Amino acid sequence: MATSRRVLIFADSDNTVIAAQSFNRKLDWLKIRDYLADPSEGREIIEMVIYVGLPPDRERFEEQRKTKEKFIYWARSNGFLVVTREGKAKGDEYESNVDIVMAMDAVELALEMRPDIVVLVTGDSDFAYLAEKLRRRGMRVEVASVEQSLGNELKNAANSTVDLIEIFDSFEQQNNGQNYYRIGNTNLFD
């Protein structure tokens, strides 16, 4: 019997949500987790950590904040470890940079838990150095993203990439009024 490989997953929530929205899909975190840590492929999940940037606790961001708080409650209720970071207002927008928190946690938890595989669910090249750092510690690093939002530096820093196109294709459409196209269809953006 083959030994299972222990998998530790770190997900940049905003980056992943934007990728799914660009394909008119509602994100299904349970399917992503099961896809990345499939026991039938000899993968055993240690933990999946989702990083969520919260809008500032101000009236103009109230609806966005409530939506994210509902997601956080759902994610925690479904066994995900959720790390939040308070955002700061920048004009009509807000900024809640979770990248540094995610990178620091990834190094710390990976060194403590000693997974065989670390999966970074993001396309942000800011995580390229993290991927290299973990690889130097003897861990296999996979980056799970869609090709359109995967930065070359991150792609080159990882051992391999997992294209989320196939799993995104199984997600429910975000706006049912739009035409449905299989995500993998190369003519979609022509």
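**Charged pairs and the helices around them**

Modeller: Let's start with Asp 34, which is partly exposed, with a relative accessible area of 44%. Its side chain meets that of Arg 33 in a salt bridge, at 3.4 Å from N to O. Please keep in mind that this is a predicted model.

Take Arg 43 and Glu 142 next. They form a salt bridge whose closest N and O atoms are 2.7 Å apart. This pair links distant parts of the chain, with Arg 43 in strand 2 and Glu 142 in strand 7 (residues 140–145), 99 residues apart. Arg 43 counts as buried because its relative accessibility is 10%, under the 20% limit for that word. Glu 142 is buried too, at 5% relative accessibility.

Another salt bridge joins Asp 169 and Arg 25, with 3.9 Å between the closest N and O atoms. Asp 169 lies in helix 7 (residues 165–169), while Arg 25 sits in the loop between helix 1 (13–21) and helix 2 (29–36), so the pair ties together parts that are 144 residues apart in sequence. Asp 169 is buried, with a relative accessible area of 15%. Arg 25 is buried as well, with a value of 2%.

Now for a charged residue without such a partner. Asp 12 lies in strand 1. It is buried yet has no salt bridge, and the nearest side chain of opposite charge, Lys 68, is 8.1 Å away. Who does touch Asp 12? Leaving aside neighbours within four places in sequence, its contacts are Tyr 51, Val 98, Asp 99, Met 102, Val 121, Thr 122 and Phe 127.

Two of those names, Asp 99 and Met 102, bring us to helix 4, where they are buried along with Ala 103, Asp 105, Ala 106, Leu 109 and Ala 110. These residues cover an arc of only 170° around the axis, which puts them on the same side of helix 4. The face turned away from that side carries the exposed residues Met 104 and Glu 112. Helix 4 runs over residues 99–113 and reaches 20 Å from its first C-alpha to its last, close to the expected 21 Å. Its buried residues pack against strand 1, strand 2, strand 3, strand 6 and helix 5. Just after helix 4, Arg 114 takes a positive phi of about 50°.

Helix 5 is our last stop. Its buried residues are Ala 128, Leu 130, Ala 131 and Leu 134. They span an arc of only 160° around the axis, which puts them on the same side of helix 5. Tyr 129 and Arg 136 are exposed on the other side. Helix 4, strand 6, strand 7 and helix 6 are among what covers the buried residues of helix 5. Just after helix 5, Gly 138 takes a positive phi of about 90°.

Conventions: Residues numbered from 1 in each chain as written. Predicted model: local features only at pLDDT ≥ 70, side-chain atom pairs only at ≥ 80, totals over all residues. Heavy atoms only, no water. Helix = DSSP H or I, 4+ residues; strand = E, 2+ residues; numbered from the N terminus. Expected span 1.5 Å × (residues − 1). Buried < 20%, exposed > 50% of the residue type's maximum accessible area, 1.4 Å probe, protein only. Arc of directions from axis to C-beta. Contact = heavy atoms within 4.5 Å. Lys, Arg positive; Asp, Glu negative; His and termini not counted. Salt bridge = Lys/Arg side-chain N within 4 Å of Asp/Glu carboxyl O.
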